[in-house]
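Q: I would like to go through this model with you. Could we take it one topic at a time?
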Amino acid sequence: MRSVLIGAIVAFVISIFITPFAIKLLRRWQQPVRNELGLASNEGKQRTPTMGGIVFVCATVIAYAVGHVSLLPLQGRPHLPTVTGLMLLGLLVGGAFIGLLDDILKVVKRHPGGLAGRYKILGQIVVGAGFGAMALYLPSPEGYTVGTGHLSLVRDLPWANITEIGALVVFVLVVMAASNSVNLTDGLDGLAAGSTAIVMAAYVVIAFWQYRHWCAEVPKLGPCYEVRDPLEVALVAGAAAGALVGFLWWNTSPAKIIMGDVGSLGLGCLIAGMAMATRTLLLLPVVCGLFVFVTSSRIIQYVSFKTTGKRVFRMSPIHHHFEMAGWSEVTIVTRFWLLAAISASLAIGVFFAEFLRAAGG
């Protein structure tokens with residue numbers, strides 16, 4: 001647990017103190033924002049620096065390395081990065097790179113469109129397939145892989161064998177869904193960062209509990225989890241949560257800097273990796289209930305308008321609907337954070353309920 005706490009604290013400190021320098025550095029690269037409907041939240045964002053996600057992505061990677069160094073006195077030997085850690089950080093950095101290209105094009109062209117949608121999707125497929133293959137086909141010395149050929153809820157479902165190829169396809173789809181969901185949610189100051197910090201905190205709890213009941217170390221002490229390197233998962237999740245909380249100091253309304261697609265796409269890919277590494281793929285919609293809520297509103301609006309010519313919401317995603325209904329930006333963000341916390345808490349409850357059931361409690 002010490003390494004997880006150190007990683008979170010280091011990431012928080014880096015993020016909160018480096019972000020002001022990023023604001024000054026990126027001030028000339030400001031976010032082009034369409035505001036034809038006159039949304040209050042978009043007023044002034046034309047002058048807000050973007051690509052702030054670079055800060056918490058770098059802070060997470062550095063904190064992960066520091067967390068490894070902190071394990072040296074306990075183990076008496078270097079604790080080298082594992083496939084699990086590299087897969088999770090690779091997803092974060094890979095998704096962030098796609099978003100960085102998108103943000104740079106927005107700044108250079110001064111147009112909100114950025115990178116064409118087909119290229120974003122192609123990039124997500126490449127990142128998801130590449131690191132998904134690493135997760136499925138590179139076992140540890142004990143024989144564990146990060147992912148398996150089964151669908152999972154709280155652990156692998158024995159009857160849901162979809163083979164490694166099927167699991168790879170599912171994972172790519174999850175990467176695309178998660179990254180685009182976080183991207184859609186990033187529409188109000190602090191909304192995506194705060195909600196993702198809550199999700200990462202939930203994965204810290206899940207992964208650390210798996211570490212304390214890991215089949216590789218306690219195979220005969222009741223129900224255990226056949227996962228790979230759960231402490232690594234908790235370390236990355238803790239580092240990401242700490243980095244996001246530090247970033248939030250500057251990203252809450254009125255934001256001094258916007259995370260941009262470099263942040264939202266990177267975080268979405270990392271969330272997908274967390275679901276695979278903890279074997280909780282089917283629990284992911286509950287952990288990320290707010291993101292599902294926001295994305296569903298966009299889909300409902302699109303389908304309704306295309307089929308009937310009518311809009312269900314005043315504007316989608318749904319946080320803009322409430323904004324047009326007169327809610328303040330701070331009110332919307334705070335209430336959506338509460339929804340994110342409730343959803344993540346429910347997922348943790350399901351996770352522990354399964355453990356108690358398996359333990360006969």
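Q: How many residues lie between β1 and β2 in their hairpin?
A: This is a predicted model. In it, three residues lie between β1 and β2 in the hairpin.

Q: Do the strands run parallel or antiparallel?
A: Strand β1 (residues 150-152) and strand β2 (residues 156-161) run antiparallel and are joined by two bridges.

Q: And which residue of β2 is the bridge partner of H150?
A: The partner of H150 is N161.

Q: Turning to salt bridges, how many does the structure hold?
A: The structure holds eight salt bridges. Among them is the pair K106 and D102, at 3.3 Å from N to O.

Q: Where are K106 and D102?
A: They are four residues apart in helix α4 (residues 83-109), and therefore separated by about one helical turn. Both K106 and D102 are buried.

Q: What about K120 and D261; what is their N to O distance?
A: The side chains of K120 and D261 meet in a salt bridge at 3.2 Å. K120 lies in helix α5 (residues 117-137) and D261 in helix α9, so the pair ties together parts that are 141 residues apart in sequence.

Q: Which residues are linked with K120 and D261 in a network of salt bridges?
A: D102 and K106 are linked with them in that network.

Q: Now the helices: at what angle do α2 and α9 pack?
A: Helix α2 (residues 53-69) and helix α9 (residues 260-277) pack at about 40°, with their axes 7 Å apart. The two helices are therefore oblique to each other.

Q: Which residues make that contact?
A: G53, I54, F56 and V57 of α2 meet V262, G263 and L267 of α9. Five of the contact residues are nonpolar, two are polar and none is charged.

Technical notes
Residues numbered from 1 in each chain as written. Predicted model: local features only at pLDDT ≥ 70, side-chain atom pairs only at ≥ 80, totals over all residues. Heavy atoms only, no water. Axes fitted to C-alpha atoms, helices over the stretch in contact; angles between N-to-C directions. Parallel < 35°, antiparallel > 145°, perpendicular 65-115°, else oblique. Contact = heavy atoms within 4.5 Å. Nonpolar A, V, L, I, M, F, W, Y, C, P; charged D, E, K, R; others polar. Pairing = 2+ DSSP bridges. Salt bridge = Lys/Arg side-chain N within 4 Å of Asp/Glu carboxyl O. Buried < 20%, exposed > 50% of the residue type's maximum accessible area, 1.4 Å probe, protein only.
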